[in-house]
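Dear colleague,

I am handing over the structure we spoke about, and you will find it just below. After it I have set out what turned up when I went through it.

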Amino acid sequence: MMRLLLQILRNNSSLKSELNGGTKASALPKLFSRWLHAPTQPPSFGIAFDIDGVLLRGETSTGGSPQALRRLYYHSANSCSISALKVPYVFLTNGGGVPESERAKELSKQLGVDILPLQVIQGHTPFRELVKRYEDDLIVAVGKGEPGRVMSEYGFKNVLSIDDYASCFPNIDPLAQYKKWTKMQPTDREMALRTDPCSQRVQAVFIVSDPVDWSRDIQVLCDILRTGGLPGQEIAHQPPLFFANDDIAYQALFPAERLGMGAFRIALESIFNRIHTNNMEYTSYGKPNPFVFKNAENVLLQVLQSAYNNIQSSGEMQPFKRLYMIGDNPSVDINGAKQAGHPWVSILTRTGVFKGIGNHADYPADLVVNSVEEAVDYILRKEHTS
């Protein structure tokens, strides 16, 4: 009987990885139960979760998020891995500052499930689509975390963080002497990338994550943008400027919302437009742009394919009938889902930016709940998924 069970399981490649990974014989009945009760057709719905204010507050889970995520896996599975995934989901956040692979590891630890880098869509994730355009050009990456590393891992070959770039220009920051925090020294790899940055023209600037030193960054960016990428030189055409998102505010550990990248963009734009003849030109990514939701739909299909690999189905993966966006920010998460239209359904939680009693007046959601756990419970009941 055990040999027959083992042969059946090995013929199903979606479970083969668990067997090859050393699954114990005592666990085979549970794996067989999951395979036996798995649907012959993949689910027709998926879920996109915002992170800050929905799943996490700072580094701590909120709203029963670990329990909610575990409900998206088969109960009989040994672990919450991709092969045990019952409902496809992704994280759709405007945050960032670290590579998707690293964020996936962090989320896995914080939420208690195994998360693939594929499932993490950050505000700066679309920047990888611009590699061919700026692959060998000098670009400057701005923001907290490791913006230079993020862009390098996307494939940009000549990238400097604004910390390293500013350090090439003595006295570019007139307030540097008053700043007491210690700055990281450039690594050997970053030094090797330089070919006298002071004489190279910056071809593009990427605001990867929330800037840390607003005064210095606004000063240096105005220098770059006004001179066509050569600070201290004559006025020239502005190089392209890209923002990973345009969030005015977001929910962190402090009770009131904190200023986000959109607030920094307003400050930079206001100053630039006062000191320069032409208005600042920029491109902003992230929610609520509809293309972000279209991209999330494509990623969800990839997650579905990975989770339901070789499960019998007729033809190719069919488009989703419903996709649920669970967020806490009406102007970003809910507005974005509304702009994206079918098949998106918006669910607003009260655990982050939004704390109202009823629905939001300007960007009403399809459903308002108290927590992400309540949102997942609603989805699974609606989709008749236990």
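**Charged pairs, cores and cysteines**

Arginine 216 and aspartate 217 form a salt bridge in which the closest N and O atoms are 2.9 Å apart. Please bear in mind that this is a predicted model. Both partners are buried, arginine 216 at 4% relative accessibility and aspartate 217 with a relative accessible area of 1%.

Arginine 265 likewise forms a salt bridge, with aspartate 246, and here the closest N and O atoms are 2.9 Å apart. Because arginine 265 lies in helix α11 (residues 261-275) while aspartate 246 sits in the loop between β9 (241-243) and β10 (249-250), this pair ties together parts that are 19 residues apart in sequence. Arginine 265 is buried, at 11%, whereas aspartate 246 is partly exposed, with a relative accessible area of 26%. A further salt bridge joins lysine 179 to aspartate 173, with 2.7 Å between the closest N and O atoms; lysine 179 is buried at 15%, and aspartate 173 is buried at 10%. The whole structure holds 20 salt bridges, and Glu102, Glu146, Arg149 and Glu153 are linked in a network of them.

As for the overall build, the chain has 14 helices and 15 strands, and buried residues make up 51% of its 386 residues. The largest nonpolar core has 52 residues, of which Phe49, Leu72, Tyr89, Phe91 and Ile326 touch the most other members. Helix α12 supplies the largest share of this core, with eight residues. Apart from it lies another core, of 43 residues, which includes Met151, Ile162, Ile207 and Phe242. Beyond its neighbours within four places in sequence, isoleucine 326 is in contact with a set of residues that includes Phe49, Val54, Ile347 and Ile379.

Helix α13 (residues 330-340) has as its buried residues Pro330, Val332, Asp333, Ile334, Asn335, Gly336 and Ala337, and what covers them includes α12 (290-307), β13 (322-327) and β14 (344-349). Just after α13, glycine 341 takes a positive phi of about 75 degrees.

Cysteine 168 counts as buried at 15% relative accessibility, and cysteine 222 counts as buried at 4%.

With best wishes

Terms used
Residues are numbered from 1 along each chain as its sequence is written. This is a predicted model: local features need pLDDT of at least 70, side-chain atom pairs count only at pLDDT 80 or more; totals for chains, interfaces and linings use all residues. Side-chain values use heavy atoms; hydrogens and water are left out. Buried means under 20% relative accessible area, exposed over 50%, partly exposed in between (1.4 Å probe, protein chains only). Helices (H or I, at least four residues) and strands (E, at least two) are DSSP runs, numbered from the N terminus. Contact means heavy atoms within 4.5 Å. A nonpolar core is a set of buried Ala, Val, Leu, Ile, Met, Phe, Trp, Tyr and Cys residues joined through side-chain atoms within 4.5 Å. A salt bridge is a side-chain nitrogen of Lys or Arg within 4 Å of a carboxyl oxygen of Asp or Glu.
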